[in-house]
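Reader: Hi, I'm new to this one. Can you put it up and walk me through it?

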Amino acid sequence: VARFSFDDLCRQARGAADYLAIGEHFHTVFIEDVPVLTMNDVNLLRRFIVFVDTMYECHVKLIVHAAALPHEIFKVDLGNEYCDEAFAFDRTRSRLEEMGSDEYLKSRWVGSKKEKNTTSR
């Protein structure tokens, strides 16, 4: 089990490899203090999207303490409603909601997959 603040994960220069290391080593991750984000926070938003995607792919149980519900974490103004980040966050919102479902919570953590040695005959 690991616990991080949003600032630790998204306000520093981190990328997919950093998040994958977390997903491979921890079956449950808490992330605290997730703020409401806008287009002014585009780099933070992109990191958060990559983080959630990675936790989803690793089947990590993700507990998010946020200032808003998943569909309200990213505030899009009318001039930006068709931007790439709005579409990407819609997927993230969907994943966050799925990650709270009974089916997802019962799924097996992927963890660190080590290739099995196979012998050929």
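Author: One term before we start. Buried means under 20% relative accessible area, exposed means over 50%, and partly exposed is in between. Asp53 has 15%, so Asp53 is buried. Keep in mind that this is a predicted model.

Reader: What is the mean pLDDT of the protein?

Author: The mean is 87. Of the residues, 88% reach 70 or more.

Reader: Which elements have the lowest and the highest mean pLDDT?

Author: H4 has the lowest, at 90. S1 has the highest, at 98.

Reader: And where does pLDDT stay under 50?

Author: Over residues 114-121. The model has zero contacts beyond four places in sequence for that stretch. Where pLDDT is low, the predicted coordinates should not be read in detail.

Reader: Got it. New topic: how many salt bridges does the structure hold?

Author: Eight. One of them joins the side chains of Arg3 and Glu32, at 2.7 Å from N to O. This pair links distant parts of the chain. Arg3 sits in strand S1, residues 2-5, and Glu32 in strand S2, residues 28-34. They are 29 residues apart.

Reader: Is Arg3 buried or exposed?

Author: Exposed, because its relative accessible area is 61%, which is over 50%. Glu32 counts as partly exposed, at 25%.

Reader: Back to Asp53. Which residue does its side chain meet in a salt bridge?

Author: Arg95, at 3.1 Å from N to O. Asp53 lies in helix H3, residues 42-57, and Arg95 in helix H4, residues 84-99. So the pair ties together parts that are 42 residues apart in sequence.

Reader: Is Arg95 buried or exposed?

Author: Buried, with a relative accessible area of 17%. Arg95 also forms a salt bridge with Glu57, where the closest N and O atoms are 3.3 Å apart. Glu57 lies in H3 and Arg95 in H4, so this pair ties together parts 38 residues apart in sequence. Glu57 is partly exposed, at 49%.

Reader: Which residues are linked in that network of salt bridges?

Author: Asp53, Glu57, Arg91 and Arg95.

Reader: What about Thr92? Where does that lie?

Author: In helix H4. Thr92 is buried, with a relative accessible area of 0%.

Reader: Leaving aside neighbours within four places in sequence, which residues is Thr92 in contact with?

Author: Phe48, Ile49, Val52 and Asp53.

Reader: Switching to helix packing. At what angle do H2 and H3 pack?

Author: About 35 degrees, with their axes 9 Å apart. H2 covers residues 16-25. The crossing of H2 and H3 is right-handed.

Reader: Which residues meet there?

Author: From H2, they are Ala16, Tyr19, Leu20, Ile22 and Gly23. From H3, they are Arg47, Val50, Phe51, Thr54 and Met55.

Reader: Last one. How many disulfides?

Author: Zero, if a disulfide is a pair of cysteine sulfur atoms within 2.5 Å.

Reader: And are Cys10 and Cys58 buried or exposed?

Author: Cys10 is buried, with a relative accessible area of 0%. Cys58 is buried too, at 5%.

Note on methods
Residues are numbered from 1 along each chain as its sequence is written. This is a predicted model: local features need pLDDT of at least 70, side-chain atom pairs count only at pLDDT 80 or more; totals for chains, interfaces and linings use all residues. Side-chain values use heavy atoms; hydrogens and water are left out. A salt bridge is a side-chain nitrogen of Lys or Arg within 4 Å of a carboxyl oxygen of Asp or Glu. Helices (H or I, at least four residues) and strands (E, at least two) are DSSP runs, numbered from the N terminus. Buried means under 20% relative accessible area, exposed over 50%, partly exposed in between (1.4 Å probe, protein chains only). pLDDT is the predictor's confidence in each residue, from 0 to 100. Contact means heavy atoms within 4.5 Å. Axes are lines fitted to C-alpha atoms, for helices over the stretch in contact, and angles run from 0 to 180 degrees between N-to-C directions. A crossing is left-handed if the near helix is turned anticlockwise from the far one by less than a right angle, and right-handed if clockwise.
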